[in-house]
Amino acid sequence: MRVSTPYRRARLAAGLAVVLAATTAVTVTGLTLAPTARAAGGCQASYVANVWPGGFTASVRVTAGDTPLNGWTVSWTYGGDQRITSGWNAQVTQSGAAVTAVNMPYNGSVPAGGSVEFGVQGTYAGSAAAPTGITVTGAGCGVAPTTPPPPTTPPPPTTPPPPSTPPPTTPPPTTPPPTTPPPTTPPPGTGCGSAAFCDGFEDQTGGTPSGAWAVSYPDCQGAGTATVDSAVARTGSRSVRINGATGYCNHVFVRANRDLSGLGAVRYGRFWVRHTTALPTQHVTFLAMRDANDGNRDLRMGGQNGALQWNRASDDATLPEQSPAGVALSMPLPTNRWTCVEFLVDGTQGRLQTWVDGAAVTGLTADGTPTHDVDGQWLNRANWRPNLTDLRLGWESYGEGADTLWFDDVAMGGSRIGC
């Protein structure tokens, strides 16, 4: 494996997390806090953004109050020049700095105290200042539960009198359901979905991954460790914890004890990851898959210059290119929360696609047509047609970068699995 070139070590400005989740506006280094929206009856909306140079994603959570919420609308006004380019789980429109998001047909009903989330992705040129004036409205937001007064008349007898007229012999007419589906469809399902391989580590009984997983130390064994963690999990009660140490000889991975070549040339992957330290400037890897069509060298996902990247071990090509403009088209890996990462590797056409929390990442897409700053370097190799045979999750550092990571709910299949 090659050490990153000096050119690829150019430092970028660190990502900015924007969170609307407090009662008084406060500014801290790298973090902006502003009030959470609360409507009458207790409805709330919170906005959490991950910002990097030139782009951002944001997750908005809508929470019902004391009564069920039937249909919701969230509005806010951006404090900078943000422009939304895509969204999921809501119908999002923008006029100037004002944004309005309306529920989809499948997520408009929220039980009392329950929550739904939607997200947006966008760009900015000068400022990504925190939005203001976030509001949430909907049927149920302004209604507080009431206790009916006691009856003033005695209840009716338990046996009702016979009807004075016979009941109708045919049911009343009803309005038939629409014959056409709604104009939008929900995103890919949660859980295992269509996955051919899916594991949440719940069958792990010891402290060291075993059974369906094996610990491996590529090249040499050092300070890196892999353990089963029963204190931190996204779902269930277990996850795999990687203590990733800095330095080349500290590589450590857990490998799926299954030949995944039977999945075919087109495969989708999904995993949830949580980590504690921002991705470093130098190259690191946390996912690797052996490519039988590339001398059994690894196709790797990790980070460089503070943002997510793909790396091909055989020629050290990166996706995106490690120019400032290329890195800006990727994004940091959020810290201290569970993040859903999905990918598509199409071995028939030599394509790659990546989603983070359901949103496609422009800089992590190789579509077959070379694009400067994105996949120009990646597609310099003609006829790249990967044939992946395994799956490993862990940590490799090539010069700097220690981190603690947790992985959970790992899945692979022949179609998109979803978060």
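What volume does the largest cavity have? The largest cavity has a volume of about 40 Å³, where a cavity is, on a 1 Å grid over the protein atoms alone, a set of points where a 1.4 Å probe fits but cannot get out, and lining residues have an atom within 4 Å of a point. Grid points are joined across faces, edges and corners, and the volume is the space filled by probe spheres set on the points.

Before selecting anything, note that this is a predicted model, in which local features need pLDDT of at least 70 and side-chain atom pairs count only at pLDDT 80 or more, while totals for chains, interfaces and linings use all residues. Residues are numbered from 1 along each chain as its sequence is written, and side-chain values use heavy atoms, with hydrogens and water left out.

**Cavities**

Select Tyr47, Ala49, Tyr78, Gln82 and Ala128, which lie nearest the centre of the largest cavity among its eleven lining residues. Strand S5 (residues 44–52) gives the most to this lining, with three residues; strands are DSSP runs of E with at least two residues, helices are runs of H or I with at least four, and both are numbered from the N terminus. The lining of the largest cavity divides into ten nonpolar residues, one polar and no charged, counting Ala, Val, Leu, Ile, Met, Phe, Trp, Tyr, Cys and Pro as nonpolar, Asp, Glu, Lys and Arg as charged, and the others, Gly among them, as polar.

Next, select Gly264, Ala265, Arg267, Val345, Pro386, Asn387 and Leu388, which line the second largest cavity, with about 30 Å³ of space inside. Four of these lining residues are nonpolar, two polar and one charged.

**Cores**

Now show Phe271, Phe286, Leu287, Met289, Trp310 and Trp378, the residues with the most contacts inside the largest nonpolar core, which has 47 residues. Such a core is a set of buried Ala, Val, Leu, Ile, Met, Phe, Trp, Tyr and Cys residues joined through side-chain atoms within 4.5 Å, and buried means under 20% relative accessible area, with exposed over 50% and partly exposed in between (1.4 Å probe, protein chains only). A second, separate core of 28 residues includes Tyr47, Val62, Ala64 and Trp72.

**Single residues**

Move to helix H1 (residues 324–328), where Gly326 is placed; Gly326 is buried, with a relative accessible area of 0%. Not counting residues up to four places away in sequence, Gly326 touches Pro320, Glu321 and Asp373. Pro320 sits in the loop between strand S23 (317–319) and H1, and a cis peptide bond with omega of about 5 degrees joins Leu319 and Pro320.

Phe201, in the loop between strand S14 (197–199) and strand S15 (213–216), has phi near 65 degrees, a positive value in a residue other than glycine, and counts as buried at 1% relative accessibility. Asp409, in strand S28, has a positive phi near 50 degrees and counts as buried at 11% relative accessibility.

Technical notes. On a 1 Å grid over the protein atoms alone, a cavity is a set of points where a 1.4 Å probe fits but cannot get out, and a pocket is an open set with protein on both sides within 12 Å along at least five of seven lines; lining residues have an atom within 4 Å of a point. Contact means heavy atoms within 4.5 Å.
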